[in-house]
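Subject: A structure for you to explore

Hello! Here is the structure I promised to pass on to you. Please open it next to this email, and then read on for what turned up in it.

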Amino acid sequence: MKWLALWGGMLEQLLKVKKHKERGIRGRIALLDYKQRELIQQQVALKNTRLKLWESWRQRCNESGILDYEKLVNFKAAMADLYRRDLQMGEETEQLNQQQQKLEKQRIELSSSLNKNRIEQEKLKYLLEDETNANSA
């Protein structure tokens with residue numbers, strides 16, 4: 001009988017550990033969700049900036065008139081700068097997309113761990129109920 005009480009105490013301790021682990025996993029999921037919201041905001045801001053850049057590009061391309069040498073050099077420099085900034089923003093967009101994929105993968109892994117932990121808790125609760133019923137009988 002003494003070992004049954006010891007067994008029950010161990011099960012209760014294990015259940016407490018599992019609940020603590022669940023809280024930790026939920027906290028990490030909440031942090032990932034926060035990071036993902038921030039990442040989405042960065043993506044939207046970058047997209048808006050890139051759209052403004054493209055509009056500047058179109059406006060420069062629509063300029064008409066005869067360009068002397070100095071104006072032509074300035075025009076080429078401006079277009080090269082717009083092109084460079086567009087390439088840079090494209091790389092930033094790709095980096096943000098990769099970060100988002102990484103966060104999504106981590107979230108899936110954490111959700112899986114959370115589900116596994118909850119199933120383990122249910123099993124422990126069942127064992128504790130079973131032991132309580134056996135002791136009362």
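**What was found**

The structure holds one aromatic pair. Rings of Phe, Tyr and Trp (for Trp, its six-membered ring) count as a pair if their centres lie within 6.5 Å; planes under 30 degrees apart are called stacked, over 60 edge-to-face, and the rest tilted. The partners here are Trp57 and Tyr83, a tilted pair with 6.4 Å centre to centre and 55° between the planes. Trp57 lies in helix α1 (residues 2-61) and Tyr83 in helix α2 (residues 69-136), so the pair ties together parts that are 26 residues apart in sequence. Helices here are DSSP runs (H or I, at least four residues), numbered from the N terminus.

A word on where this comes from: this is a predicted model, in which local features need pLDDT of at least 70 and side-chain atom pairs count only at pLDDT 80 or more, while totals for chains, interfaces and linings use all residues. Residues are numbered from 1 along each chain as its sequence is written, and side-chain values use heavy atoms, with hydrogens and water left out.

Buried means under 20% relative accessible area, exposed means over 50%, and partly exposed is in between (1.4 Å probe, protein chains only).

**The inside**

The largest nonpolar core has 13 residues, and Ile25, Ile29 and Leu110 have the most contacts inside it. Such a core is a set of buried Ala, Val, Leu, Ile, Met, Phe, Trp, Tyr and Cys residues joined through side-chain atoms within 4.5 Å. Both α1 and α2 supply at least two residues each, and the largest share, seven residues, comes from α2. Not counting residues up to four places away in sequence, Ile29 touches Arg107, Leu110, Ser111 and Leu114; contact means heavy atoms within 4.5 Å.

Asp86 is buried, with a relative accessible area of 16%. With the residues up to four places away in sequence left out, Asp86 touches Arg50, Leu53 and Trp54.

**Salt bridges**

How many salt bridges does the structure hold? There are nine, each being a side-chain nitrogen of Lys or Arg within 4 Å of a carboxyl oxygen of Asp or Glu. In one of them, the side chains of Lys18 and Glu120 meet at 2.5 Å, N to O. Lys18 lies in helix α1 and Glu120 in helix α2, so this pair ties together parts that are 102 residues apart in sequence. Lys18 is buried, at 16% relative accessible area, whereas Glu120 is partly exposed at 23%.

Another salt bridge joins Arg85 and Asp81, with the closest N and O atoms 3.5 Å apart. These two residues are four apart in helix α2, about one helical turn. Lys125 and Glu122 also form a salt bridge (3.9 Å, N to O). Being three residues apart in helix α2, Lys125 and Glu122 are separated by about one helical turn as well. Salt bridges that share partners join Asp81, Arg84 and Arg85 into one network.

Enjoy looking around!
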